[in-house]
Amino acid sequence: MRRTNQLFRVGAFRAFEAGVETIRLLAQYTTFGADGAFALDIAFPVRRTFLMNSHVVPPVGKEAKYRQRLRFRRLTYCALPHQDRYLLRNVRLEEGFEREGDEIIATRTALYDLSVRDGKIDRLQPAGQGDPSLPAWDAQGALLLPHSQARAEGLIALLNAKGTTRARSHCNIDPVSGLQSLDHLQAALTNHPAFPCEIVAFPQHGLLHSQVDGLMREAMQRGVQYVGGLDPTNVDGAMEKSLDAMFQIALDYQRGVDIHLHETSAAGVAAIQYMIDTVARNPALKGKATLSHGFALATLEGSALERMIEGLAEQQFSVAYTLPIGKLTMPIPQLQAVGINVMTGTDSVIDHWSPFGTGSMLEKANLYAQLYRGSDEFSLSRALAIATGNQLPLSAKGERQWPKSGDEASMMLVAASCSAETVARISPVVATFSRSKAVFALASA
């Protein structure tokens, strides 16, 4: 490995377990090599479980004492493989949960050699038993997780660096710029064939208000997958007419719809019900409608909320939510309980609406856990699903369900001991693979 003199501090955190003095530095220093190789200085705790049972922190001045309980080693990674068939050595996979009575207290893991062929996972073998003839990359114990899915107006490189391998992007359509934004987005995606991205033609200033019906139809002719919509009452001033126009474009071009509905008044509730009724009358739209934000749901309770959720479920709506911290708490657990697909993403990663968009779906899983799931090992491990398209390494019973032979090799390696830690600590992404193609390694950040 050819090293440079560049040394970057990429982050650390401290954990203290009640009765067990532990400090953990997740990726204290990283050295990048000119050949694409990189090295991490990581401290590994003696204990296998990472969860904190108290909020006590090590006393000031005694940090060195706690550091002595750690095993330090430098992880030196070679450049990622670029062949269609290769071997990932020493990948950490989740095996099951460990219990004390009815309580899940830890996640059991083991190291494997994982071979990849033509975009799919080929074989899983115990570490050290992989095919020695294949080009290999040593993960050195990094945890393998399903790729994250994002709905974001972001940069492909940034999303790859956060573990995302596919996205849904909203492309502004307006009478001033016309379809220029779509031109630029499609050109970028052409240059990144390993990054699947659904496109929503989004009438940022209202479908009726900005008079872009014709431009929206032209976007559909150019292969855009979703017809977008925006606040039909507050922006367009005519709820039924606006929604009818959106749905008609979708029906004419056999596309899906994705509407940003921020309205929290009675008009917002009425708009959701109108959309449910419209899809029910048009079976071709069933399973093709996404309600983004949908804040009006947070204003309902009791039987009114139950009826609305039942309607969304019957027409197979998806709900997309950015998990903002504010006055309104969306009924996400209730939506998930009836099988509604709940997605997350960032509303902006370039500060149009908020300075908090980082492009990290692991960060969203962390927020989701704080808002809805809880802080125990099991709940944290379940929270990962909102970032990975509902794909989890372990089932609710603690049986490994991913990865297996034949699965698409879209995945990420993270510097963590298990899914729960990944969510709780927003662990650093070491590498990202899209259909087996290495699209990000920490060295390229």
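# Notebook: helix packing and selected residues

**Entry 1. V224.** Setting aside neighbours within four places in sequence, I find V224 in contact with L182, I199, V200, A201, A219 and R255. The model I am reading is a predicted one. I placed V224 in the loop that runs between α4 (213–221) and β13 (226–230). Is V224 buried or exposed? Its relative accessibility is 1%, and because buried means under 20%, V224 counts as buried.

**Entry 2. Confidence and overall content.** I looked up the confidence before going further. The mean pLDDT of the protein chain is 81, with 79% of its residues at 70 or more. Over residues 1–75 the pLDDT is below 50, and this stretch has 180 contacts in the model beyond near neighbours in sequence. Where pLDDT is low, the predicted coordinates should not be read in detail.

Of its 445 residues, 52% are buried. Among contacts with a separation of 6 or more, 70% are between residues 24 or more positions apart.

**Entry 3. α4 against α5.** I recorded an angle of about 30° for the packing of α4 and α5, with the axes 11 Å apart. Why is α4 described as roughly parallel to α5? Angles under 35 degrees count as roughly parallel, so the pair α4 and α5 receives that description. Their crossing is right-handed. On the α4 side I listed D213, M216, R217, M220 and Q221, and on the α5 side A245, Q248, I249, D252 and Y253. By class, the contact of α4 with α5 holds five nonpolar, two polar and three charged residues.

**Entry 4. α5 against α6.** I then followed α5 (residues 239–253) to its packing with α6 (residues 266–281), where the angle is about 40° and the axes are 11 Å apart. That angle makes α5 oblique to α6. The crossing of α5 past α6 is right-handed. Which residues make the contact? From α5 I listed M239, E240, L243, D244, M246 and F247; from α6, A270, A271, Y274, M275, T278 and V279. The contact of α5 with α6 divides by class into nine nonpolar, one polar and two charged residues.

**Entry 5. α6 against α7.** Continuing from α6, I looked up its packing with α7 (residues 302–314): an angle of about 35°, with axes 9 Å apart. Here α6 passes α7 in a left-handed crossing. The contributors are V269, I272, Q273 and I276 of α6, together with M308, G311 and L312 of α7. Sorted by class, the contact of α6 with α7 has five nonpolar residues, two polar and no charged.

**Entry 6. G96.** I turned to strand β5 (residues 85–100), which contains G96. At 0% relative accessibility, G96 counts as buried. Not counting residues up to four places away in sequence, G96 touches A106, T107, R108, L394 and G398. I also looked up G96 and P393: they are 297 residues apart along the chain, with 9.1 Å between their C-alpha atoms.

**Entry 7. Backbone values.** I next searched the backbone. Most residues other than glycine have a negative phi, and most peptide bonds are trans.

- L323 has a phi near 55°, a positive value in a residue other than glycine. It lies in the loop between β16 (318–321) and α8 (332–337). With a relative accessible area of 2%, L323 is buried.
- N390 has a phi near 65°, again a positive value in a residue other than glycine. I located N390 in the loop between α10 and β18. At 44% relative accessibility, N390 counts as partly exposed.
- The peptide bond from W402 to P403 is cis, its omega being near -5°. P403 is placed in the loop between α10 (377–383) and β18 (411–414).

Terms used
Residues are numbered from 1 along each chain as its sequence is written. This is a predicted model: local features need pLDDT of at least 70, side-chain atom pairs count only at pLDDT 80 or more; totals for chains, interfaces and linings use all residues. Side-chain values use heavy atoms; hydrogens and water are left out. Axes are lines fitted to C-alpha atoms, for helices over the stretch in contact, and angles run from 0 to 180 degrees between N-to-C directions. Helices (H or I, at least four residues) and strands (E, at least two) are DSSP runs, numbered from the N terminus. Angles under 35 degrees count as roughly parallel, over 145 as roughly antiparallel, 65 to 115 as roughly perpendicular and the rest as oblique. A crossing is left-handed if the near helix is turned anticlockwise from the far one by less than a right angle, and right-handed if clockwise. Contact means heavy atoms within 4.5 Å. Ala, Val, Leu, Ile, Met, Phe, Trp, Tyr, Cys and Pro count as nonpolar, Asp, Glu, Lys and Arg as charged, and the others, Gly among them, as polar. pLDDT is the predictor's confidence in each residue, from 0 to 100. Buried means under 20% relative accessible area, exposed over 50%, partly exposed in between (1.4 Å probe, protein chains only).
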